[in-house]
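Student: I would like to learn how to read a protein model step by step, beginning with the whole chain and then turning to one part of it. Could we go through it together?

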Amino acid sequence: MRTAGGQASSSALLARRSFADMVANAPQPIPVVEIPLRPLKVLDGEIFSFSKDEITKSAEPFIFSLVLKFLRNRPSLDDIRSCIRRRWGLVDQPVVSSMAASRSMFVRFANEGDFKMAISRESCEMRGVPYRAFHWSTDYTDETESPVVPVWISLPGLPPNMFHESFLENITLPIGKYVRSDNCTRCATRTDAARICVEMNANMDPIESIWIGVPHQKGSRLQKVIYENLPAYCRLCKTQGHNISKSRKAGGQDGKNINLVGNKARNRRMYKEKDLTEEEPGQLMALEMDKGKELISSVQVENRLSIEEIEEGEL
Ligand SMILES: [Zn+2]
């Protein structure tokens with residue numbers, strides 16, 4: 001289907017659309033959430049409208065929603081819808097709408113599976129404009145960014161009998177909320193590592209290893225965790241992109257989060273990735289996190305092939 005910017009007139013387009021298409025694309029009212037009409041609530045002399053429970057209830061139709069916050073001027077609504085339709089591989093097309101903040105888009109998914117596919121996407125750009133994806137909640141504000149972010153982790157050497165979804169969900173519980181594993185893990189076609197996307201708090205020190213089985217017992221395993229794209233998060237500015245030691249608010253010299261080592265890794269990886277994926281060029285951010293005196297760099301990668309090329313010393 002053409003976008004509104006296309007050459008064909010709208011009447012010609014309408015003529016070519018089937019009735020089923022038109023019904024499928026017609027905006028639908030949001031599901032009804034009802035609360036009773038009751039007397040005003042007053043607390044310490046102040047009138048308020050809704051309890052926390054009622055606010056949570058009001059959000060039910062929107063639990064599978066994302067905010068895409070573009071880092072530069074965003075593509076048009078039609079371009080964004082078209083990108084999602086062509087590249088995201090969803091079962092149902094989500095409702096995409098603009099928000100008060102001009103660079104942000106609200107994307108409401110019809111089902112959990114589509115939502116998980118969208119939030120775990122490794123290529124976060126449209127028409128060359130990068131974006132950050134946030135799981136929408138009633139706490140969402142455009143000024144402050146949530147530290148809870150989708151992160152791809154790799155569990156190197158995890159035995160394939162642990163690749164069941166319910167096992168992976170349990171293994172990753174201390175790290176964050178399980179979103180999904182990649183195809184190779186789901187089908188156990190690559191058994192050098194399991195790859196899993198979790199929603200985790202970038203504000204916390206990342207867990208480096210997890211015991212599988214009873215600690216220090218024969219047959220148990222201390223499983224290493226590699227974070228592929230953990231963004232830096234600043235508690236002072238409440239935004240992603242730099243950490244507290246680089247924060248201007250804390251008197252840091254440089255607001256950016258990429259150190260020299262990170263930049264080297266970044267350039268090298270971008271060059272390699274260009275050969276690997278034509279359609280969706282990889283986004284790469286070398287990020288540093290403070291963890292005691294230790295400096296950890298993590299690299300966002302586009303696909304599995306690239307990960308193999310990283311030497312352990314680089315991570
Ligand atoms: Zn800051």
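Predicted model: local features only at pLDDT ≥ 70, side-chain atom pairs only at ≥ 80, totals over all residues.

Student: How many helices and strands does the chain have?

Tutor: The chain has 315 residues, of which 25% count as buried. Its secondary structure comes to nine helices and 17 strands.

Student: Which strands stand at the edges of the open sheet of five strands?

Tutor: The strands of this open sheet, paired antiparallel, follow the order β4-β5-β3-β7-β6. An edge strand has a single partner, so one side of it is left without a neighbour in the sheet, and this is the case for β4 and β6.

Student: What is the bridge partner of Ser-65 in β5?

Tutor: Strand β3, which covers residues 65–70, runs antiparallel to β5 and is joined to it by five bridges. For Ser-65, the partner in β5 is Arg-108.

Student: Why do the buried residues of α4 line one face of the helix, and which strands do they pack against?

Tutor: Helix α4 spans residues 77–87, and its buried residues are Ile-80, Arg-81 and Ile-84. Seen down the axis of α4, these residues fall within an arc of 100 degrees, so they line one face of the helix. The strands they pack against are β4 (95–98), β5 (104–108) and β6 (125–126).

Student: Which residue with a positive phi follows α4?

Tutor: After the helix comes a residue whose phi is positive, near 60 degrees. That residue is Gly-89.

Definitions and conventions:
Residues numbered from 1 in each chain as written. Buried ≥ 20, exposed ≤ 12 C-beta atoms within 10 Å, placed from the backbone. Helix = DSSP H or I, 4+ residues; strand = E, 2+ residues; numbered from the N terminus. Arc of directions from axis to C-beta. Contact = placed C-beta atoms within 7 Å. Pairing = 2+ DSSP bridges.
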